[in-house]
Amino acid sequence: MPQLLARHKNSVASHWAFTLLSFAATGCGLLLDGKGTPDAGAGTSLPALDPCAARCPGRRCIEGECAAYRDCGELGEKVPGLASGTFDIDPDGADSSSLPPFPAHCEFYEDEGYTLLLKADGRQPTFEYASPLWTNGELLNPESADLSALEAKLQTALVVPIKTLLIGMRLNDEIRWEKLSLPESEESLRALFERADCDATTPVETCLLTNMGRSKWLNLVDGSALQTFCGREGINLISCCASARIGILGNNEQGCGSADSFIGFGGSAFTSCGQRATSRVGNSASCLGEPPQFYDLPTFGYILGR
Ligand SMILES: [Ca+2]
Ligand SMILES: [Ca+2]
């Protein structure tokens, strides 16, 4: 019994610590007594909460009014412990009305908030490498700010700055997530893809390369495969026989010039070793091993950022 009691006490204490932290983090804080200090005479009674904070779950208070956080990254920092879901965000701030607040899907992953930017179906040509959707200002299904399997390019892809991506690949009812750190921050997901293509002849210092590691890429897509060589990963990668807007390339020869496998987003239909790969999101690999094996594993993918 003492153990049970101790555990119960701890859970009550952590509940109140969480509640206090949450409201303090909204910027509204707790009501103070007339001397500007917390009411020490309250004993065990519950602290009074700022009525604005109580009215503004998932938002902050500015002069007594609810206002949206700039993006899910800021929301996750200021209001820890939230469950993933839809929240209003205001990427250009409450003091600029050129962009009013709008709903976004926030995914809270490893204590960090990520804003949903884009959803792509690897069986469809919508988000193949050459699609103008990667770099233009058009939206696709802009109301679909959730993790449903409906392709979308959301307003967030144009206006939320990013430094770290959270990429997910759906496998039945599960989504496998990996964090992908960028070497430099970008003003938006679209701006990331406006960079020049990175092929085998491009000076490597002008490419935007990442360093997530082969095993994490393979883990994203169930049963995936990648050829032994190349291994270049990052943004806007292209070769004769494989491509990725975000991903990793593999090759059966040294270097990346004739890469014929990829894992990621923005693949294209290519023929190599007599096989026609069609996955635009997920994995395809040909000329793999002897006799050559062939993989074409389209998945439904999610790109989020913070
Ligand atoms: Ca605004
Ligand atoms: Ca090759």
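Strand S9 is mostly covered, with eight of its 10 residues buried; a residue counts as buried if 20 or more other C-beta atoms, placed from the backbone, lie within 10 Å of its own, as exposed if 12 or fewer do, and as partly exposed in between. The model is predicted: local features need pLDDT of at least 70, side-chain atom pairs count only at pLDDT 80 or more, and totals for chains, interfaces and linings use all residues. Residues are numbered from 1 along each chain as its sequence is written, while chains are lettered from A and ligands numbered from 1 in the order in which they are written. The protein holds six helices and 16 strands, which are DSSP runs numbered from the N terminus (helices: H or I, at least four residues; strands: E, at least two).

**Confidence**

- The mean pLDDT of the protein is 87, and 84% of its residues reach 70 or more; pLDDT is the predictor's confidence in each residue, from 0 to 100.
- Over residues 1-43, pLDDT stays under 50, and the model has 37 contacts beyond four places in sequence for this stretch. Where pLDDT is low, the predicted coordinates should not be read in detail.

**The five-strand sheet**

- An open sheet of five strands runs in the order S9-S10-S11-S14-S15, with antiparallel pairing; two strands pair if DSSP finds at least two bridges between them.
- Strand S9 (229-238) and S15 stand at the edges with a single partner strand each, so one side of each is left without a neighbour in the sheet.
- On average, neighbouring strands of this sheet are turned by 10 degrees against each other, direction ignored; the axes are lines fitted to C-alpha atoms, for helices over the stretch in contact, and angles run from 0 to 180 degrees between N-to-C directions.
- S9 and strand S10 (residues 243-251) run antiparallel and are joined by seven bridges, with Phe229 opposite Asn251 in S10. The hairpin that joins S9 to S10 passes through four residues.

**Strand S14 and its partners**

- All of S14 is enclosed in this sense: eight of the eight residues of the strand (residues 281-288) are buried, so S14 is largely enclosed by the rest of the structure.
- Strand S11 (residues 261-265) runs antiparallel to S14 and is joined to S14 by five bridges. The bridge partner of Ser261 in S14 is Ala285, and that of Phe265 is Val281.
- With strand S15 (residues 293-298), S14 pairs in the antiparallel sense over five bridges; here Asn283 stands opposite Leu297 in S15.
- The hairpin of S14 and S15 has four residues between the strands, and Gly289 takes a positive phi near 80 degrees in this hairpin.

**Core and contacts**

- Of the 306 residues of the protein, 38% count as buried.
- The largest nonpolar core has 63 residues, and those with the most contacts inside this core are Leu117, Leu118, Ile167, Leu249, Ile303 and Leu304. Such a core is a set of buried Ala, Val, Leu, Ile, Met, Phe, Trp, Tyr and Cys residues joined through C-beta atoms within 7 Å.
- Not counting residues up to four places away in sequence, Leu118 touches Ala152, Lys153, Leu154, Ala157, Leu189 and Ile303; two residues are in contact if their C-beta atoms, placed from the backbone, lie within 7 Å.
- Among contacts between residues at least 6 apart in sequence, 54% join residues at least 24 apart.

**Asn141**

- Asn141 lies in the loop between strand S5 (112-121) and strand S6 (152-153), and is partly exposed, with 13 other C-beta atoms within 10 Å.
- Leaving aside neighbours within four places in sequence, Asn141 is in contact with Leu150, Glu151 and Ala152.
- The C-alpha atoms of Asn141 and Lys153 are separated by 6.7 Å, although the two are 12 residues apart along the chain.
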